[in-house]
Amino acid sequence: MASIKPITMILKYNIKYSLLLILFTLFVFNVYPIDIKDLTCEMQKTPLAMDKANPRFGWKLTSNVQGDKQTAYQIILTSNGVKVWDSGKVKSDQSQLVVYKGKPLEKGKRYLWTVKVWDAKGKMSESKNTFFETAPDFNNTKTQWIGAITQANSNLPIGRRDLHSPSFKKLEYKELYDKINPLALHSIILRKSFNTSKTVDKAIVHASGLGHYNLSLNGKKVSKDIFTPVWSDYDKTVYYNTYQIDTLLNKGENVIGITLGNGFYNAVGNRYRKLWVSFGPPTLFLEMHVYYTDGTSEIITSDESWKYALSPITFNDIFGGEDYDARLEQKGWDKPSFNDKSWKSVVIQEAPKGILRAQQITSVRSIKEYGAVSMSKIDTSYVLNMGQNLSGYPEIKVTGKKGQTVKITVGELLNEETGKVSQKQSGGPHIYSYTLKGDGVEEWHPEFTYYGFQYIQIDGANVLSSDGSDKPLIVDIKSHFIYNSTNENGHFESSNEIFNKAHQLIKNAVRSNMQSVFTDCPHREKLGWLEETHLNGPGLLYNWDLTQFFPKVMQDIADGQQADGLVPNIVPEYVEFGKGLEVFRDSPEWGGAAVIVPWMYYQFYGDNALIGEYYYVMKQYVDYLTSRSTDHIVSHGLGDWYDYGEHRAGFSMNSPVEVSATAHYYYVTHLLAKAAKMFNKSNDEKKYTVLAQDIRKAFNEKFLDKNTMQYGSGSQFCNAVALFMGIVEPQNKVAVLQNLKADIQQRGNRLTTGDVGNRYLFQALALNDENELMYLMNNHTDAPGYGFQIQFGVTTLTEQWDPRKGASWNHFMMGQIDEWFFQSLAGIVPSTPGFKEFTIQPQPVGDLTWVKANHETLYGKIAVSWKVENDIFYLSVDVPVNTRATIILPGGKDTKRIVGSGQHVLECKLNKK
């Protein structure tokens, strides 16, 4: 019989154990104070070309102590062992955007810095050293732009051309193309040999190859970045990239290798061509700084000493595809000991007109790879389903004889009659071809173009197994998903599969269109239509780190703004719209991004720098709209583009354009008045506050039917935009909201809004406690709705609610529901700009039983997890150190809690519906 310990012994044991546990916990907390991580300069880790005179520093904190926070900090900055700046101990909880206040920083110099932090109990922690390097001064550089041919000898049609496919049916375009010197369109390879006889301490290279370049050192690529540098209006801004490359250097001979392609810098193709734009032939700017351990240094620059040859890439065009002839490869051309006597000397080229700027935004990379999920043979062609619609390019491994050619066609659709790849909706022909060198297994993928596709068609080769013919054999094939490599910082999932899959459709469409700019689609246009940046802005900001992306968008906007203040719908503006198409250049819902984007950036990051830096852009744009107004009413633009109904998708049909245009005129004027107040511009504050009030009054007088309390046509858009933008008078709000709800309900809880109106409809409901209606409106499998697209089997969000009606199958413009997922269902909302203080107020609507979401802020990760069981609502919230959250539970009394950092678990009983 087993012995039983007396109760007293068990209690003594438990008490002793508990005391030991408490003592151990106290010991741990005292030994390990607050921890400092993720140090940033201008919200970047170790930037190599920081271009701000007074950079801002930031750091994240972690602690095991509930409610811990920073009470003071001290930043110390040094260079070459000499102290440059010591902030001293500053009593403050500020841990982001801390401004440098030392003496002017030198150009092209590395600075080390560290930070000390004191926690809530006054205990000090110190970070590890980190660094940043300031951008060089290129104002007096001897570095030259080099290439194969000058602009004068290229005969390129310099400038922008009509958007809609310069047709060779027009003799003008055919003659223009035929006059071009072929060398001006050809990819070239460039090399430079140099020697290092001493021990290298550090080496930094700054490079800009236009349109795009690939850089290697001694045969090794310096980065995984592709499609560098990012696109811009090259007449205004030219970006360069910076890499640290000392680990790739040899003692003795070293070789820099460059491959140049056309990109949007020289998009003049003769296959599919949505547009023509050329700023000149491919060109290179490169400056390498090598620092030796003995304190000396040298600079290698692009100059007349470089040599070039034609690349094996015989055709490359951003719209038309790419051809590669492996027989033209020169083995070891980018390595030491290569004989380049047959190569030609470069020519010095005219520099692009744009200002040379350091690229701060992350570059595009190949992020994911997909293999085929099925394959069919149709006639002599092979058609492979890669399972995921994406932006990217195919990669093949192939064997065969020298001179044999494989043709590759990609697309997001199949021809219903033939089963082969169709580019009817996405723009074609966009094709790739690879000519074999006949040397074992050969691997290849395009370098300077990409497309949106799910299917790959192979012609001229067998795939995976031979049919006994003499054709080449493709032994492996995959698709590369390429998109901007900025970090993802959000996650959402729930008990509702429609919402989960809709979230993934949206994210895959965003990925596909998050390149150098936010594009509309990854195939037909690849252009930076601006409305997506703000109408989908919160969803983008919840899901991705856009600390560097949105500033790039604003630089594009500033570069594109016209002298009269107009902000084009598309930036960079690579296109010219002909007569009768001006509406596609000038629409307030698009141009308004110039004012709205900086405010969204401020809300998510607490950084008002964009508002300050681009205040003049915002002001000029509002003044432009004023110049286009009559009695404070603006009547031009696209309106609620792609609104839903029996009509063909496109121009707004449900709602008057002037309602949309004037609403946006009011909204941007209102935001400008707030910006003026923020920066103490008292005259502007008065002027634009009064103007906003006048616009609001004129809007209500012209568009509100006081008998019915309907705005404009009484459409969902008209009422929703007035509610969201705060145009509705307080006494009329209930009636207008009721009209909006009634319209939705009489349509079977279905929407009629479009690209512009979706966000305003969704948020007008959510912000007015109509989340149950939002749930009903989106929790179904009919069109219009996300569920229909999911049921239809698409893997990216499509341009139209019903994919069968045509247009792109890879558009994120209708993805505005992501904002609702994070802001309402998970309830994550900044209380103060930047999430230093935030609110958690989840909405358990419909038949949802659980939601999990997180968002990485500048201060750390906010995580929310809730579930409903037996009418009890269980909530878990993770609050980052040095922040504070207001948690509001659904329903009942006493549901509000204000908490500090750590994990908080709460519950409450739900009121039965």
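Asn80 counts as exposed, because its relative accessibility is 73%. Exposed means over 50% relative accessible area, buried means under 20%, and partly exposed lies in between, with a 1.4 Å probe and protein chains only. Asn80 sits in the loop between strand E3 (72-79) and strand E4 (82-86). Strands (E, at least two residues) and helices (H or I, at least four) are DSSP runs, numbered from the N terminus. The C-alpha atoms of Asn80 and Lys686 are separated by 50 Å, and the two residues lie 606 residues apart along the chain.

This is a predicted model, in which local features need pLDDT of at least 70, side-chain atom pairs count only at pLDDT 80 or more, and totals for chains, interfaces and linings use all residues. Residues are numbered from 1 along each chain as its sequence is written, and side-chain values use heavy atoms, with hydrogens and water left out.

**A buried loop residue**

Glu42 is also a loop residue, placed between strand E1 (35-41) and strand E2 (56-62). Glu42 counts as buried because its relative accessibility is 10%. Its contacts, leaving aside neighbours within four places in sequence, are Met50, Lys52, Asn54, Pro55, Arg56 and Gln548. Contact means heavy atoms within 4.5 Å.

Helix H7 covers residues 549-560. Eleven of its twelve residues are buried, so H7 is largely enclosed by the rest of the structure. The buried set includes Phe549, Phe550, Val553, Met554 and Ile557. Charged side chains are on the list too: Lys552, Asp556 and Asp559 of H7 are buried.

Helix H13 covers residues 682-703. Its buried residues include Asp684, Tyr688, Leu691, Ala692, Ile695, Arg696 and Phe699. An α-helix has 3.6 residues a turn, so residues three or four places apart point the same way. The buried residues of H13 pack against helix H11 (615-627), helix H12 (657-678), strand E40 (704-705), strand E41 (710-711) and helix H14 (716-724).

The table gives the span of each helix from first to last C-alpha. The expected span is 1.5 Å times one less than the number of residues.

| Helix | Residues in helix | Span | Expected span |
|---|---|---|---|
| H7 (549-560) | twelve residues | 17 Å | 16 Å |
| H13 (682-703) | 22 residues | 31 Å | 32 Å |

In H7 the span is close to the expected value.

**Helix packing around H15**

H14 and H15 pack at an angle of about 145 degrees, with their axes 9 Å apart. Axes are lines fitted to C-alpha atoms, for helices over the stretch in contact, and angles run from 0 to 180 degrees between N-to-C directions. The contact uses Gln716, Asn719, Ala720 and Leu723 of H14, and residues of H15 including Val736, Leu737, Leu740 and Ile744. Ala, Val, Leu, Ile, Met, Phe, Trp, Tyr, Cys and Pro count as nonpolar, Asp, Glu, Lys and Arg as charged, and the others, Gly among them, as polar.

Helix H15 (residues 733-746) also meets helix H16 (residues 757-766), where the axes come within 11 Å and cross at roughly 115 degrees. Here Leu737, Leu740, Lys741 and Ile744 of H15 touch Leu761, Ala764 and Leu765 of H16. The residues of this contact are six nonpolar, no polar and one charged.

H14 passes H15 in a left-handed crossing. H15 passes H16 in a left-handed crossing as well. A crossing is left-handed if the near helix is turned anticlockwise from the far one by less than a right angle, and right-handed if clockwise.

**Strands and sheets**

Strand E30 (residues 405-411) is mostly covered, with five of its seven residues buried. Five bridges join E30 to strand E33 (residues 431-435), and the two run antiparallel. Two strands pair if DSSP finds at least two bridges between them. Lys407 stands opposite Ser433 in E33. E30 also pairs with strand E35 (residues 451-459), in the antiparallel sense over five bridges. There, Ile408 has Ile458 as its bridge partner.

Four strands form an open sheet of mixed pairing, in the order E42-E43-E47-E48. Strand E42 (828-830) and strand E48 (896-899) are the edges, and each pairs on one side only. Neighbouring strands are turned by 20 degrees against each other on average, direction ignored. Strand E47 (residues 884-888) runs antiparallel to E48, joined by four bridges. Ala885 has Val899 of E48 as its bridge partner.
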